[in-house]
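Hi,

Here is the structure I promised to pass on. Have a look, and then read my notes below.

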Amino acid sequence: MSTTRQSEVLCTAISAPPTHTDGILNGIDLVTGQPIHHDPFTAYQRKTVSSPNVVVLGDVGKGKSALIKTVYVYRPLAFRNRRTVVADRKDQGGEGEYSELCRQLGGQPIRFQVGEGGSRINLLDPVIGVSAESATQVAGQLQLLRAVVHAASGAEPDSWQGAALRTAHLRALAEAESAGRTAVVDDVIAALRLAPPVEMFGDVATSTARDRFAEAALSLAFDLERVCGDDLAGLFDGPTSKDVRLADRLTSFDLSQLPTEGPAIPLVMTVLNTWLTNLLRRRRGWQTTFVAEEGWHLAEGVGARLFQRNSKLARGIGLANVVALHHLADIPEDSPAVAMLKEAETVYMYAQAREDDASRCVRLYSLPPHLLGDLMTLQQGVCLLRIGSGAPLLMQHLRSSAEVALTDTDAAMTGAGEGGAR
């Protein structure tokens, strides 16, 4: 026995499509059998969502990567004004798993690695350094320098260190400008070793204050020299590499060879996100998707705060952030990442075997309690898709045989073919 409303799905003549048809094809609604079309840019234009940011949740191997590679990387290239930037963390045979896809689509991956042979990003590059709050290069660059210091020492700079870093930064910029070049981190390190400016203390300051300032500056110089010269050698210790650009429709930053432990990945992600958002503020007219497939490094620290801040800018600069996470329950309740997860209005929820992960998902997105069991037992390639404030859709993600060949990193081993996504 069923109600008239429930019986609508039994008759396709009166069963309404679950979404509008002007978005990107995602898959099939397993309740109505009808196609699901969605992407955050067209949904934002239709006012279906107020935030263009996207979250993809679920255990390893349930279909997150296949969804992202097709719906948020490959298919959007059919639109004239779309491009995608990927922070590629997964190692696939000695390079990032997006590297071959990037080459097949006419691009060249940008490889970061500690030591020689990789690409560099200059923390004092004028393109990177614009602050979201003040729109000045100085504030944005200082924010990134403080992030490196935090990574080096494990703590935020104190008031003396903050003053020393700010003074050295301004000195470095002035010295480089007078030499007709762009300042680099080594200029800041050199400036930290100099005596405090006379005008900073004047005649009223005691020698103790000057000594304390000099001690703070020298400790910062040691920290920056160590982290940029040893732990992060080859990443930030020079001018920005010429291959770091947004000219291609698909730009893949290969982070797969960076050490999992330590400051390298969080700092590179912080710099990339800041660089991208600030560049887009200057160059309007494109709709850009930023993909972070392993988003755990955005869950805490300075990276989380910056990513949350930049996510709020997304509407104004034509940016959709797509973040994939495995274990939602591992993110602290007070993490800035929680606000970012709540703000996202496109959420794909794949199978989560751990009850604490599924329960956190139900609470975070105010899902009906009975969906807890469904979240823990979803089949591979099937997810709950929540768009805006609408009820979750039970979706089977589909790929063509051509997309399987382009996006499946282990198709030869699994024999995967046309249809269901991994």
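This is a predicted model: local features need pLDDT of at least 70, side-chain atom pairs count only at pLDDT 80 or more; totals for chains, interfaces and linings use all residues.

Is threonine 251 buried or exposed? Threonine 251 has 4% relative accessibility, so this residue counts as buried (buried is under 20% relative accessible area, exposed over 50%, partly exposed in between, with a 1.4 Å probe and protein chains only).

Residues are numbered from 1 along each chain as its sequence is written, and side-chain values use heavy atoms, with hydrogens and water left out.

Back to threonine 251: it sits in strand β6, residues 250-254 (strands are DSSP runs of E, at least two residues, and helices are runs of H or I, at least four, numbered from the N terminus). Leaving aside neighbours within four places in sequence, threonine 251 touches Thr84, Val85, Val86, Ile110, Arg245 and Leu246 (contact means heavy atoms within 4.5 Å).

Now the helices. α6 (residues 159-178) packs against α9 (residues 207-231) at about 70°, with axes 8 Å apart (axes are lines fitted to C-alpha atoms over the stretch in contact, and angles run from 0 to 180 degrees between N-to-C directions). Residues making this contact include Trp160 and Leu165 of α6, and Phe213 and Leu224 of α9.

Cysteines: cysteine 102 is buried at 0% relative accessible area, and cysteine 228 is buried too, at 2%. The disulfide count is 0 (a disulfide being a pair of cysteine sulfur atoms within 2.5 Å).

Cheers
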